[in-house]
Amino acid sequence: MPSFLDLTLHFFLQMAVILAAYRLVWPLLKRLGQMQVVAIMAAGFLLGPSVLGAVWPSAQRWLFPATLVIGGQSIPHPSLTVLYVVGQLGLVLYMFLVGASFQTKILTEHFRVAGTTAAAGLGVPLALGAVAGYLLFTHGDYFTDKIHAWQAALFLAAAVGITAFPVLAWIIHDSGLHHTRVGTMTLACAAFDDAWSWILLAVVVASAKGNMNSAVFAFVGGVGFVLFMLVVGRRLLRLLNDWAERDSGRDSDGGLPLGPYVVVLLVVLVCAWFTDWSGIYSVFGAFLAGVVMPRGRLLDTVRERTEPVVAYLLLPAFFVYAGLNTKLSLLLHPAALIAGVAILAVSFVGKFGAVSLTSRWQGMSWREAGAMGALANARGLMELVLINIGLTQGLITPTLFTILAIMTIVTTFVASPLFRLFERSAWRNGMVFGAGGETAAPASSRADPRSGGAVTRLTVR
């Protein structure tokens, strides 16, 4: 059994390798029009058994040990547990930063359009995913014997309907879209779609365990939590700005009041704990904490000081953990390969088509609608979280996990270049995506999106 010192030393080496891998692949992916978050996802995949494990299996198993044999029994390696926990911390803090940058004013101005688009962007993929899930259950070894056909249909419906909320937020902020109608509405739709996808997952997990009470509790607890944070929490948290002003320059470190900062972190962690405990998942609690946090100098300073460490040190650990469970060798069977292509087609057409057509029907231009559909089609982080739960809960087999992981990588990889096509089309016609929709760009502020867009962002600033 490795000691605490052994685990610590190994963790330091793992994080160093993760950061090095990300920096090596980033220049190539940048030239392909990708965002930095995709490079971090790719690094996690490359360090898993499908790439590094195929090229240098002994090194991969030593660097990221998955199991430990004690007394003839195989158990999860403590090193993997450490990596998972650090990744979850990074995920929670990152989602808080996303919520802290969320533009609620733009959302309220276009609430009807956002609601209709979100419903279509969820309903169509759910229906297609449910059919695909039922067919996979009856024609292959993709689900375990713990679940029935209707549960398999619900699980794949959730997997197809979900959107990469954290990754999408990264893409939007990296592209400078967080002050635009396209960016804000896409994030709002992603939040809506993901919330319902998690409710479906809670139903599947609870019913597989023979306990539907947990699914009901997840729904009731989630609604109650949202109402409490929006009505009560928002008012209480406004006191932080006054506290920060009093403590500024006294109990601070370079302009960051430590007392209010600790309270902010405390609120984020408690919100993440509650939503995880109630069955919705921690990212929604952290995101809502950021949404209701009072805007001002305190929040701006917190984001500025926190985001680099979160985005480039803590969050990559999660992508590596997901990459360790992806095994391309499982797709060598023709039936699995056909199923993978079918799921990819259903996922892409369902989400992109539904969001684009509904957005256009609601009054957006074709370029805005297409851009929104392209962004909503990314599944990234949330999909990886969902299928990890499905695998660890014994609902799906490693084959279906790999199929859905590949679908996640492909749809996320395609999202940015496809969005850029619509953005460049607008730019060539003298238009930009703004807070009120597609508007004429002032000549002095126009920039070719092919060079990265008019605005370049680190992460969520």
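Surface patches are made of residues with over 30% relative accessible area and no salt bridge, with nonpolar side chains (Val, Leu, Ile, Met, Phe, Trp, Tyr) joined within 5 Å. This is a predicted model, in which local features need pLDDT of at least 70, side-chain atom pairs count only at pLDDT 80 or more, and totals for chains, interfaces and linings use all residues. Residues are numbered from 1 along each chain as its sequence is written, and side-chain values use heavy atoms, with hydrogens and water left out.

**Surface patch**
- A nonpolar patch on the surface is formed by F192, W196, V216, F219, V220, V223 and L227, which together have about 640 Å² of accessible area (Shrake-Rupley method, 1.4 Å probe).
- Helices α10 (181-208) and α11 (213-237) each supply at least two residues of the patch, and the largest share, 5 residues, comes from α11.
- W196 is located in helix α10 and counts as partly exposed because its relative accessibility is 38% (partly exposed lies between buried, under 20%, and exposed, over 50%).

**A buried serine**
- S359 lies in helix α17 (residues 334-361) and counts as buried because its relative accessibility is 0%.
- The side chain of S359 reaches the backbone oxygen of V355 at 2.7 Å.
- Not counting residues up to four places away in sequence, S359 touches T117, M364, A369 and M372 (heavy atoms within 4.5 Å).

Methods. Helices (H or I, at least four residues) and strands (E, at least two) are DSSP runs, numbered from the N terminus. Buried means under 20% relative accessible area, exposed over 50%, partly exposed in between (1.4 Å probe, protein chains only). A polar contact is a pair of N or O atoms within 3.5 Å; within protein, one must be able to donate a hydrogen and the other to accept it, and residues adjacent in sequence count only if both atoms are side-chain atoms. Patches are made of residues with over 30% relative accessible area and no salt bridge: like charges are joined within 9 Å, nonpolar side chains (Val, Leu, Ile, Met, Phe, Trp, Tyr) within 5 Å. A salt bridge is a side-chain nitrogen of Lys or Arg within 4 Å of a carboxyl oxygen of Asp or Glu.
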